[in-house]
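Welcome, and please take a moment to look over the sequence and the model shown below. A short briefing follows, grouped by topic.

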Amino acid sequence: MSKTRLAIFVTGGGTNCENIIKYFQLRPWVEIPIVVSSRADAFAIVRAERLGVPTKVITKKELEEERCMVLDTVKGCDYIILAGFLPKVPQYLIAAFPNRIINIHPALLPKFGGKGMWGHHVHEAVKAAGETQSGITIHFVNENLDEGEHIAQFATPLSPDDTPDDIAEKVHKLEMAHFPQVIEAVIKGCIV
């Protein structure tokens with residue numbers, strides 16, 4: 001049986017990246033041949049290398065202008081997983097991986113998505129709006145930011161006393177609990 005190959009794209013600390021790598025290390029039918037970071041100083045690189053996964057830095061500018069190099073980097077991969085990847089995915093990559101680029105967003109889309117809505121900005125907006133719940137949306141990537149088809153959503157209740165940091169912690173727990181399992185379900189064809 002041939003292995004399903006995942007490329008993970010990251011920008012920051014890499015807790016989701018590390019969680020995904022560890023999860024699939026226990027599933028020998030999945031291989032993670034590369035972690036791509038948009039920043040050379042992303043701690044995700046350290047996490048990936050500690051777990052024996054090769055890494056490559058591809059800057060936002062290179063992502064936009066070095067099409068052949070980017071496509072060569074992910075050649076042979078079946079899916080691209082965005083685990084805290086901030087640059088907008090270019091159209092050529094979406095075309096090369098139709099419904100095979102999976103992103104996680106730290107809110108219940110369509111609320112709190114789009115330009116500028118990443119990381120702590122999302123949790124601050126959720127708090128400012130007085131929402132009674134937040135959560136995560138795992139979705140396919142299309143040409144519009146955070147507008148791809150939803151694969152799964154998981155919610156967590158919020159209390160009026162929750163700070164943006166509290167919201168971030170609750171959402172992070174959902175990410176750790178669900179993201180790898182949803183990726184696995186997509187790979188197995190349980191979610192299409």
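For sorting residues by type, Ala, Val, Leu, Ile, Met, Phe, Trp, Tyr, Cys and Pro count as nonpolar, Asp, Glu, Lys and Arg as charged, and the others, Gly among them, as polar. This is a predicted model, in which local features need pLDDT of at least 70 and side-chain atom pairs count only at pLDDT 80 or more, while totals for chains, interfaces and linings use all residues. Residues are numbered from 1 along each chain as its sequence is written, and side-chain values use heavy atoms, with hydrogens and water left out. Helices (H or I, at least four residues) and strands (E, at least two) are DSSP runs, numbered from the N terminus.

**The largest pocket**

- A pocket is found on a 1 Å grid over the protein atoms alone: it is an open set of points where a 1.4 Å probe fits, with protein on both sides within 12 Å along at least five of seven lines, and lining residues have an atom within 4 Å of a point.
- The largest pocket holds about 930 Å³ of space, a volume being the space filled by probe spheres set on the points, which are joined across faces, edges and corners.
- Its lining has 40 residues, with G84, F85, L86, W118 and G119 nearest the centre.
- Two or more lining residues come from each of α1 (15-25), β5 (101-105), α6 (120-128) and α7 (164-187).
- The largest share of the lining, 4 residues, is given by α7.
- By type, the lining residues are 16 nonpolar, 18 polar and 6 charged.

- Buried means under 20% relative accessible area, exposed over 50%, and partly exposed in between (1.4 Å probe, protein chains only).
- A nonpolar core is a set of buried Ala, Val, Leu, Ile, Met, Phe, Trp, Tyr and Cys residues joined through side-chain atoms within 4.5 Å.
- In the largest core there are 39 residues, and L6, I8, I20, F24, I81, I102 and F179 have the most contacts inside it.
- Helix α7 gives this core its largest share, 8 residues.
- Apart from it lies another core of 19 residues, among them V36, L63, I80 and I101.
- Leaving aside residues up to four places away in sequence, I8 is in contact (heavy atoms within 4.5 Å) with C17, I20, I21, I32, I34, V35, V36, I81 and A83.
- Buried residues of α1 are N16, C17, E18, I20, I21, Y23 and F24, and what covers them includes β1 (4-10), β2, α2, β4 (79-82) and α7.

**A closer look at S38**

- S38 sits in the loop between β2 (30-37) and α2 (43-50), and it counts as buried because its relative accessibility is 10%.
- Its side chain makes a polar contact with the side chain of T11 at 2.7 Å; such a contact is a pair of N or O atoms within 3.5 Å, where within protein one must be able to donate a hydrogen and the other to accept it, and residues adjacent in sequence count only if both atoms are side-chain atoms.
- Beyond four places away in sequence, S38 touches V10, T11, I58, T59, K60, F85 and P87.

**Backbone details**

- Most residues other than glycine have a negative phi, and most peptide bonds are trans.
- L109 and P110 are joined by a cis peptide bond, with omega about 15 degrees, and P110 lies in the loop between β5 and α6.
- N99, in the loop between α5 (91-96) and β5, has a positive phi near 50 degrees.
- D146, in the loop between β6 (133-140) and β7 (150-157), has a positive phi of about 60 degrees.
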